[in-house]
Every structure is written in structure tokens, then in C-alpha cells.
Amino acid sequence: MWSDILDALSDVFKIPDYLLRMVKSYLSDRELLYDSTDGTHSKRITGGAAQGSILGPDLWNISYDGILKMEVPRNTFLVGYADDIAVVVVARDIEEAQNGLNQVMRRAGGWLEDHGLSLAREKTELLLLTKQRIPAAIPFQVEDEEMEVKAVVKYLGVRLDTKLTFWAQIQHAAEAASKVTTALSRLMANVGGPTAKKRRLLMSVTDSIILYGCEIWADALQKEKYRKVVASVQRRGALRIASAYRTVSEPAVLVIAGVMPIDLRATERKTAYSTKEEVGAKEAKARARIQAMQRWQERWREEHRGRWTARLIPNLERWMARKHGEVNYYLTQFLTGHGYFCSYLHKMGKVDDSTCIYEEFTVDDAYHTFFECTRFDAERRVLEGQIGHLDPDTIVEAMIRSQDVWNKVEVFVRAVLLLKKPELDRHIEG
């Protein structure tokens, strides 16, 4: 009721009289008009906080403040967010937990009744948090009703389970993000479609879904089973960002797409959140990003997959910090070695052997195609005349330093692959 809000403002918050008069005026003579099948009707409003109004959240907090300050039994406390109230009871056994729950529910029920509110029984859920090996489905008495403890409870969008493994949360997030990834992938054909930058922006939606609430459950991703569930969704998104073949490994495609591994992202956000009070939010984010990049670099250095990509892109910080350069279907083949190369196609069972169709007894891979094959000497000489000697250990570094070099390498790669594909197709068919 609005009278409770005004009493709280006056007696508890002790706001100045002129502000109290303004709020009282704001809450006076309010009428709700609504339409029905038999015309327009009106109803006098004497309580509630109008949704969407500027004062609404403050008025609700003022009216609800009393229950959060209510005296509760020892080892029991209340947590409030919006109109959700969580009762936390710390106990050594079930009997002690039941007694604590009974006491706090009686007091909370009385407070709600005194203020014209009621407990929504259909939305009330119980969760037992314990490391002990005991049955989780235990009945508890809540006032005059018996309620069974649930295995998983959703609170503020995060799924909490009895052992706080957060497995249910990770599964749900991965499933929801997977559906979004599938829908967005339809907009991202390998050839044509949005640029990598736009693809990355679209796919950031899935990261937001996966990482919701990760400040409290990031450590769960240290378990490989859990990490793989969300990493597989992230990999699918990275494949679309980079316009890559589905056979590209997770570590390589994440690097090319410029997407940090999801477990490192989660840890980064947790670290920033836990240290922001100490050093400030901006500094906490900066430090957490540095730590995450260092861990990613160490992981990339020790990784055994995607070694051609690692040769071209050894320094992740410089690659991620570049101000220009978009990958595409052709550049990604150059950066991964997955594409119009006989060594790759032989692994996929598309050709009989891995040798170059132009040079007998020579393995045809990305290095041979772009740096050695005589078939593309003319294109290579043009590029070397523009940017200097081609070296796989330095070419990406040169591309990062100069937009012009990036563009010229991209033109060269595209030209080589567009020349090679029809000739390779004819060779396979012949």
C-alpha cells in the first residue's frame, strides 16, 4: 500500500518534508483506465509501483526494505532482488534446517500480511546445498504445506543444483546458445555475406548467453566435460566468423576468428568482478584481460593442433589488437591449410594422393601452394615486387603492420585459389 511507502519514507528514511509532500502528491488521486468488451472502466489505485516509471524501482525498494531488515534466527539471512526473496538457512542437519525455515517463514509471512502482500506459493522453491551424500529429494514443511526439495532451482536466471556443480546451468546455456548460433549461421555463407567484423558482432550474442552469471560459476569450466559442452558451441560460431571449413580445429579457428576461448572469457569476467572493489572497475577489467591473454598465449604455444596457423600467427596479442584486416573464405584457407590443397583433400578422401598436380613428388599443402609452387610464380613475383620477400614466419606480422600489405596479400591469396580450384577440380574429375 502507498501508505506503507509514505510511512517508511517518513519514519525510516526520514526524508525532508518537501520531498515527502512531492511523493505524497505523486501517489494521490491515481486512477487506472482499462477497456473491456462492454466499454472503458476505471479503478482507483492505492498501491503498487508502476512498471516503467522512473520512481517505480525506488518505491518498490522502499516498501520492501522492511522485510530485508527484519530480525531473523541465527544462521539465517535474507537475500532480495526486485520482488524475489531468497531465504538462506545454514544448518548442521535437516531438523535444524527445518526449524530455521519455520521461524523465518512465520516472520516473513506476518510481515507480508501486515503490508497487504502475500507469498506466491506456486513460485516458492526449495534447494538443499550440501556436499554430503544424502538424498536430495527431502520433504520440508513450509507453513501448512509440504514441499519437496528440488534438484535444480533457477534463481535470477542462474540454475543452482544441490552440489553447486552448475552443470544444469552450463547445459542450458549451451543449448540456448546453440539455437541462436544455428539461426545466425544461416545468414553467414562462406562466400559473400557479412564481413568478419559483422559476423563477430552477431555471434557475440551467443557469448552473452553462455557467459550469463559466469562470475559465480566460471570455475566449473575447469572440468573438461563442462568446458567441451560450451566450447563446441563457441567453435561453431567461430567457424562462421572465419568462413572456415568445419574440419579446422577449435584452437586454430578461435585464433583466426579473434575469439578468446570461452573458459578463459569466463575466468576473465570472474577475476574482473572479484577485484573491482579493490582496484576499480576499469583497472580490474584491464588486469583481467592481460591475465586472460597470457593464459591464451601459453595455451596456444603448447597446443599440438593448428601448427600451421601457429607458425603464421605466433603472437596472439598483436593479432587481436590489430586495427585493420578482415579474414574471409580465401584468407582463412591460407591461415589454416584447410582448403584447395591435395594434402588436405587426401585426408578427407577426396583425392588419391597428397602430391601437387603441377609438380610431381611434391606434397601440396598451404606452404607449397603459396610459397613454392611454380604454377603461381607470376602471381608470387607481383606480390614480392610490392611487399618484398615472402616468408611464412613474417608475412602475417607484415600484414598486421600495414593495411596496404594486408590487402595485397589478400588479393594474391584469392587469385591463387581462384586459379587453382577449377584446375584441381578437372584433375579430380579426370
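What joins the side chains of N328 and E410? In this predicted model, the link is a polar contact of 3.0 Å. N328 itself sits in the loop that runs between α13 (316–321) and α14 (329–336). Its relative accessibility is 18%, and because the cut-off for a buried residue is under 20%, N328 counts as buried. Setting aside neighbours within four places in sequence, the residues in contact with N328 are A242, S243, E410 and R414. A176, by comparison, is 152 residues away from N328 along the chain, and 27 Å separates the two C-alpha atoms.

The aromatic residues come next. The structure holds 16 aromatic pairs. One of them brings together F370 and F412, whose ring centres are 6.1 Å apart and whose planes meet at 65 degrees, so this pair is edge-to-face. F370 belongs to helix α16 (residues 366–371) and F412 to helix α19 (residues 403–429), so the pair ties together parts that are 42 residues apart in sequence. Both F370 and F412 are buried. The two rings also take part in one aromatic cluster, formed by W308, F334, F341, Y367, F370, F371 and F412.

Two arginines lie over tryptophan rings. R322 is placed over the face of W319, at 4.0 Å from the ring centre, while R307 lies over the face of W300, at 4.9 Å from the ring centre.

Finally, the cysteines. A search of the whole structure finds 0 disulfides. For C373, the closest cysteine sulfur is that of C356, at 4.0 Å, which is too far for a bond because a disulfide requires the sulfur atoms to be within 2.5 Å. C373 counts as buried, with 1% relative accessibility. C214 is likewise buried, its relative accessible area being 0%.

Conventions:
Residues are numbered from 1 along each chain as its sequence is written. This is a predicted model: local features need pLDDT of at least 70, side-chain atom pairs count only at pLDDT 80 or more; totals for chains, interfaces and linings use all residues. Side-chain values use heavy atoms; hydrogens and water are left out. Helices (H or I, at least four residues) and strands (E, at least two) are DSSP runs, numbered from the N terminus. Buried means under 20% relative accessible area, exposed over 50%, partly exposed in between (1.4 Å probe, protein chains only). Contact means heavy atoms within 4.5 Å. A polar contact is a pair of N or O atoms within 3.5 Å; within protein, one must be able to donate a hydrogen and the other to accept it, and residues adjacent in sequence count only if both atoms are side-chain atoms. Rings of Phe, Tyr and Trp (its six-membered ring) pair if their centres lie within 6.5 Å; planes under 30 degrees apart count as stacked, over 60 as edge-to-face and the rest as tilted. A charge sits over a ring if NZ of Lys or CZ of Arg is within 6 Å of the ring centre and within 35 degrees of the ring normal.
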